[in-house]
Amino acid sequence: MKNSLATSHGKIILIGEHSVVYGKPAIAIPLKSVSLDVYIEQSDKNHIQCKFFEGELCESSEDLIGIKTLIEKFFEEFNIEKNIKIIIESDIPNERGMGSSAASSVGVARALFNYFDIKHTEEDILEWANISEKIIHGNPSGIDINVIMNNKSVYFIRDKKIETFPINLDAYLVIGDTGIKGKTKETVSDVKTLLDKDTKYMGYIENLSILSDEAKKYIENKELENLGNTMNKAHENLQKLEVSSRSLDEMVNIANQNKALGAKLTGGGRGGCMIALCSTLEIANNIKEKFEEIGKEVWISKI
Ligand code: PMV
């Protein structure tokens, strides 16, 4: 039986997406209900097998360019002449703001070090995973990789030492998938264009920064209602930054009309997922049903 050389879980950004790119704080949590495993075996040629491609690495699809580059650079750096087959098995939905690309980058980097028995540190994993993330995301803040590597909730500021941040709220997070691919690279770049065009947009980034710190305080004091309101305000600011979408807004409204304490998009936006904070499992299940009635995939996570 094959053994997994690396397991990564998904993640959700609770608050602070987009502003985190500009050095502002954000809070992210691991999503343990979805995960990814990486297996490596000897092969005649370098192969890769995952959800959307199976075949020779050199012929892999555009979606895999980050992982392909990471593997090629790794082989070059460590003078590896053996051929391998990398198998990525994942139930983390792709391009939904649930950390699928970061989980693959971290998983593949870790699996390569383990398979070739090369001594390494967590810093090395971060550095190698970043090779792929930079290609996929353009200008990643690093929050995805950090929360996935730590597998604990984090309070994150770009280029600062990562702070794990325990969240114990006795509440539930509904994660609703619009079913539309998120466009992180595009939205990050579009926000930059807005910021360059008009100073008012920096105001929304500053608001998000304040809201992230407020959220931290409310989490520490277990002030659920205030946390919910903060999430709603964060969503409004993300709308102003033009990264929401009709589908995300619709799901945020459904959640709020059905007794969520607050709701917002999560991740890059214009697709992907939204999250809703619920005080009871009953409320969370009811919102889940409402989403399923309109054909959406839903997860519930206790936080
Ligand atoms: O779409 P995701 O889950 O990869 O999240 C992106 C979060 C952003 O703040 C929009 C970008 C970043 O690099 O932090």
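Guide: Helices (H or I, at least four residues) and strands (E, at least two) are DSSP runs, numbered from the N terminus. This is a predicted model, in which local features need pLDDT of at least 70, side-chain atom pairs count only at pLDDT 80 or more, and totals for chains, interfaces and linings use all residues. Residues are numbered from 1 along each chain as its sequence is written, and side-chain values use heavy atoms, with hydrogens and water left out.

Visitor: Through how many residues does a hairpin join strand 3 to strand 4?

Guide: Strand 3 covers residues 47-50 and strand 4 covers residues 53-56; the two run antiparallel and are joined by 4 bridges. Two strands pair if DSSP finds at least two bridges between them. The hairpin that links strand 3 to strand 4 has 2 residues.

Visitor: Which residue in strand 4 is the bridge partner of H47?

Guide: H47 lies in the range of strand 3, residues 47-50. Its bridge partner in strand 4 is E56.

Visitor: Is S209 buried or exposed?

Guide: S209 belongs to helix 6, residues 200-220. Buried means under 20% relative accessible area, exposed over 50%, and partly exposed in between (1.4 Å probe, protein chains only). Because its relative accessibility is 11%, S209 counts as buried.

Visitor: How many disulfides does the structure hold?

Guide: A disulfide is a pair of cysteine sulfur atoms within 2.5 Å. The structure's count of disulfides is 0.

Visitor: How far from C273 is the nearest cysteine sulfur?

Guide: C273 is in no disulfide, and the nearest cysteine sulfur is that of C278. C273 is buried, at 0% relative accessible area. The distance to the sulfur of C278 is 15 Å.
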